[in-house]
Amino acid sequence: MTRTGNYNILPFESARHKRLHRSSRLAFTLQFCLVFMALALLVPESASGQKGARTFSVLSKTWQVGPNPNALAVADLNGDGLPDIVTADRGELHDPREERPANDELSILIAENPFDYTRRHPSLKTGTAPYALAIANVDGLKWPDIIAVNFLASRARHISVFLNLKDEDVFTPLEFRVPDTGLEYHRHHDGEGVPLFAIPGLTSVIVRDLNNDGLRDLLAAGWSSDIILFMAGHQETVFAEPHYISVSGAPRALALSDLDGDGIQDLAVTLYASAEIALFRGTGNGGFTPAARFKTRGELPTTVVVQDMNNDGLPDIVTSHAHADDTIMIFYGDAPFSYSVSQELMLGKNRDVLEHEIRDIAVADLDADGRMDIVAACPASGNVVVLFNTSSDAIPRQQYRTETYHFEQGRPRALQIADLDNDGRMDIAVALWGTNSVGLMRNVR
């Protein structure tokens with residue numbers, strides 16, 4: 001991978017400076033400062049602190065949210081044409097037997113102007129440890145609603161839904177319980193054999209109409225219990241009773257896409273414990289049947305995105321590994337549910353050292369060249385790494401150029417790509433741990 005170039009500003013020669021009269025020396029110094037400042041404005045800093053052209057400008061201002069924002073969603077919640085931001089403020093995870101083992105709130109940043117937000121008060125109260133978000137219209141009214149799945153849910157608050165009554169400036173809460181009948185715990189225990197987490201341990205959520213009845217259905221990954229949860233949309237209760245799909249290996253993240261070209265949404269799932277991608281064929285009525293399963297060529301995969309990465313008309317699968325190495329893997333589709341060619345993108349310099357700890361990825365065309373680019377949130381290094389696809393062909397194993405953006409304060413944990421100022425260019429919103437805030441990267445190219 002090639003990296004951004006470096007541009008140096010040469011210092012002025014000092015011989016002429018020494019010949020100047022004392023009275024003119026001050027004028028020269030002022031002129032020098034003005035010129036240097038102008039040059040600094042024209043040549044923005046690159047991610048490494050050196051000078052060079054770059055695609056994004058990291059805004060100096062951040063916006064406060066709740067503790068440890070674990071997920072981030074972007075949508076226009078009030079119809080003013082500006083995208084607003086929602087964060088799932090998970091907090092630190094503690095013993096699930098405690099009264100409040102984690103945080104339990106969502107923060108909403110309402111856009112007043114482009115890149116200017118006001119935090120809405122009070123925060124929205126969820127079940128314990130909100131872990132993932134979706135925004136969709138689930139009640140049939142005009143405004144988008146907010147859905148959160150809660151990892152350490154207690155008091156039957158596994159899924160929190162907030163119906164957006166925009167005209168009343170109110171979000172009406174609904175809570176959904178996932179019955180534990182028939183569910184087992186498959187993950188970590190403490191020294192006394194007590195589970196460290198709760199069941200089902202929801203970590204990912206998608207809300208979409210999967211059975212073509214005009215109502216939004218819900219899919220969620222149950223990491224602790226090895227299940228995919230399906231709840232059909234319901235005209236009166238928003239969601240119907242849950243049904244389970246058994247998936248061994250710790251399902252962690254979900255992505256929907258038509259993987260076989262039949263016009264029906266299929267499902268891709270990262271399996272955290274077994275280091276696999278599991279693929280399921282959609283039936284068109286909300287059901288899914290196993291179609292394929294393959295290794296991710298790394299350990300502990302945490303993300304999955306489906307996009308056509310090489311413009312050959314076939315969906316490809318992108319995943320990343322968080323705790324074992326700093327790799328992003330692309331699996332290139334060559335037939336329905338078939339991915340025989342893969343490509344590894346290594347962000348770190350040393351495979352044996354965890355430099356970045358990739359926690360989230362997103363894929364979009366960031367430079368309007370018709371090619372899909374990749375963004376990674378890396379809390380260990382404090383970086384957001386952008387991989388620009390520079391290829392001009394459809395051959396698998398595409399070429400990428402890297403730009404790295406460092407956050408001095410806060411550790412990037414989650415991100416979303418969206419046009420935040422309606423200028424036709426894709427910007428990036430970043431959830432930051434440590435500072436409990438949201439940072440923004442404005443597309444300036």
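## Ser-381 and its partner His-356

The side chains of Ser-381 and His-356 meet in a polar contact of 2.9 Å (a pair of N or O atoms within 3.5 Å; within protein, one must be able to donate a hydrogen and the other to accept it, and residues adjacent in sequence count only if both atoms are side-chain atoms). This is a predicted model, in which local features need pLDDT of at least 70 and side-chain atom pairs count only at pLDDT 80 or more, while totals for chains, interfaces and linings use all residues. Residues are numbered from 1 along each chain as its sequence is written, and side-chain values use heavy atoms, leaving out hydrogens and water.

You will find Ser-381 in the loop between β28 (373-378) and β29 (383-389); strands are DSSP runs of E, at least two residues, numbered from the N terminus. Ser-381 has 18% relative accessibility, so it counts as buried (under 20% relative accessible area; exposed is over 50%, partly exposed in between, with a 1.4 Å probe and protein chains only). Setting aside neighbours within four places in sequence, Ser-381 is in contact (heavy atoms within 4.5 Å) with Glu-355, His-356 and His-406.

## Ser-248, another loop serine

Ser-248 sits in the loop between β18 (243-246) and β19 (251-257). With a relative accessible area of 42%, Ser-248 is partly exposed. Beyond four places in sequence, its contacts are Asp-226, Leu-271 and Arg-293.

## The sheet that includes β19

β19 belongs to an open, antiparallel sheet of four strands, ordered β19-β20-β21-β22 (two strands pair if DSSP finds at least two bridges between them). Because β19 and β22 (288-295) each have a single partner strand, they stand at the edges. Between β19 and β20 (residues 266-271) there are six bridges, and Ser-257 stands opposite Asp-266 in β20.
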